[in-house]
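This report describes aromatic rings and their surroundings. Please look at the sequence and the structure first.

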Amino acid sequence: MRRLGFFDYAITPDGLRESYAPVIQREPYVGPNQIGSGFDAWSDPVRRLAMAQARDSGMATISGKVRLTVDAEAEVSPGFIMYLPIYARGQPHDSVTQRREHLVGWVFSSFRIKDLMASLYGEQSPGLAFAIYDGVEPSDAALLYRTAETDPRHQQSALAANEYLVVAGHTWTLAMNAQDDFEARFGRDAATLIAVAGTGLSLLLALLAWLMATGRARALQLAAEMTLELRESEQRWKDIVGRDVNTIDDWEKLIHPNDQSQVMAAIQICFASRPGSSVTCIAEYRIRCGDDQWKWVLSRGMVVERNADDLPLRIIGTITDISDRKLAEEKIEELAFFDSLTHLPNRTLLMDRLKQAMTVGNRNGTCGAVLFIDLDHFKTLNDTLGHDKGDLLLQQVAQRLVVCVREGDTVARLGGDEFVVVLGSLDESAQEAATQTEVVGEKILASLSQIYRLGDIDHRSTASIGATLFCGHQSSIDDLLKQADLAMYKAKETGRNAVRFFDPAMQTAVIERSILESGLRRAIQENQLVLHYQAQVVGEGRVTGAEVLVRWQHPERGLVPPAEFIPLAEETGLILPLGHWVLESACSQLALWAGQPDLALLTVAVNVRVQQFRESGFVAKVLAVLSQTGANPNRLKLELTESLLVDNVEDIIEKMHLLKARGVGFSLDDFGTGYSSLSYLKQLPLDQLKIDQTFVRDVLVDPNDAAIAKTIVALAQSLGLGVIAEGVETQAQRDFLAKAGCYAYQGYFFSRPLPLDGFEEFARRAVAIN
């Protein structure tokens, strides 16, 4: 409304409610009508009842007695409102369900009963009094309209009548009474004159007068109609329950045991209501039908007659079959609170169940536990066998989890392959509760590790479980889930298919990790990173180039080694901007060395991580850096790890060929420690294999390492590739490698990684010596 230009539009009354139906337009928009926009008619029970009746019937319906919102004065005439439902154009509204689904809103007209009567009937006939009541009980609270005050000494006249009149789905009681002077003036002709007066006053009062004058015949006809309606009502009642119900006791026996107490309580409230009030008994409950099936019904009733002691004698009401509505509500609730695939509680319901478990534990002094369950290698299953098989696995996992816990415990699915189990009311001792939790965790692991039948294939799967305990409300729900999540990751780190409990040290590590991550982001933005260079040499020490190694010059911690922040960068995605910075800085340095004769022939080796190489625009980014910096691509060597070759090898090979065509060289780092296949090795456009330092370190004392080193050299030679050994720390190691045919080295025996100035000095000195 405000976007449409009604800047001061606001909904009244304030407050959060499940549904709203505020007034958005009044015509004519003048005078008092300007103050009623925004009023939420649905918030008023009297208005809401009429609006609901209009919505469900599709017809105009009037409300009970209300005070109109446009009336600001303290003393105003009561009124009523007529509502007409509006449905979406072109949509069916043949049933209650369709009418509710396609409702757009209502149009309404409001009436002050006093103004309405004055406009219809003009001056009141002398000596003739009448009143209109809302509902079936004449009372001051229900009074809608009464003629001017009459002689208080007047007694009830023989010429008097009450009649129920149904107007647009709402019942009014009309009361008419001839006063003393009227009877004295007209005598025995009073009945006729009443009819004449009624005709002059209004069609409504004429009807009442005619009813008074022809009461017997009218009463007989009305009795016949009411009898027919009663029989039809009884038949509808029999259609619902499928059997004869003759007494309240018979009816009460049909009510579902779980619903009897609330139905009886509603009836008692109605019975105990103040005499003359219009308190309605409303209850929704299940009732057993003739086919022994349960149906949901809605009952409405009110006391219409009491004895001298104000005890209820007669109650009237209706019973409506609402089974379809309840089924729809259950479906809506399922969508809102349950996972559609596994039918387990979702995150929303989990939070509520966990809160309840914490409250119960706080009350009875017991502990509870949260288990965070994540399936191992679930992504691999989805990628290889398809998501339909993954869904089947999740459904079977859900079924097994439910079997593993007690009836009162909660099993929920958070999403993906993540499940949470809440164990409530464990032992009072935290140690004993931990033991109970571990037993359940091991039971879950054993169950989830059994073979699954996924369509036409058998599949094995395991899970990693993180657990944390709670006692009352000592920790928040969010903290508990985070703790269990951390413990689950600890289970994965220690080999998977295991249960691990949360340790406060984990939380400390997470906080430190978060601080480190934010600091690393700043380091990239604020140029806190520096490159160190470790010389690569041949023969007796001739420097041919360097491998660049990134260091973090932390403003408080000093120089942070890469082992502390590179894994973090890979996990958080920061490796992409970090790797780009390293490549750009190394190429810039290559361009600078090109102008210095003693350094112009040096090469630079840059490590490239898996995440970088898998970027769709990786080749374009490397070529752009070379173009921008002016570096010679023949002096750039990209070092790849074998982990890069685990999947999508064809894409890797294509990108390597594109860069190789521009002069960029490639070295396969850490060769022999990964998972590469020799069949792929011959397809890669490599220039060099790099013997990992784990083999070099013990090459003199471990025959296996010595054999591996010799094999790598022989393999490189047979493929026409160069070979370099890293981690060379002694002359003896260098000599062994040289004897095996490896003549290029990198390691502390020649030089540690050095800052730029130190490396340039080392390289110039080596050039002078050689």
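Which residues form one aromatic cluster? Phe80, Phe111 and Trp172 do.

This is a predicted model, in which local features need pLDDT of at least 70 and side-chain atom pairs count only at pLDDT 80 or more, while totals for chains, interfaces and linings use all residues. Residues are numbered from 1 along each chain as its sequence is written, and side-chain values use heavy atoms, leaving out hydrogens and water.

The structure holds 11 aromatic pairs. Rings of Phe, Tyr and Trp (its six-membered ring) pair if their centres lie within 6.5 Å; planes under 30 degrees apart are stacked, over 60 edge-to-face, and the rest tilted. Two of the pairs are listed here.

| Pair | Centre to centre | Angle between planes | Kind |
|---|---|---|---|
| Tyr533 and Trp593 | 5.7 Å | 55° | tilted |
| Phe749 and Phe750 | 4.9 Å | 80° | edge-to-face |

Tyr533 lies in strand β18 (residues 529-538) and Trp593 in helix α18 (residues 575-593), so their pair ties together parts 60 residues apart in sequence. Helices (H or I, at least four residues) and strands (E, at least two) are DSSP runs, numbered from the N terminus.

Buried means under 20% relative accessible area, exposed over 50%, and partly exposed in between (1.4 Å probe, protein chains only). Tyr533 is buried at 3%, and Trp593 is buried at 1%. Phe750 is buried at 14%, whereas Phe749 is partly exposed at 31%.
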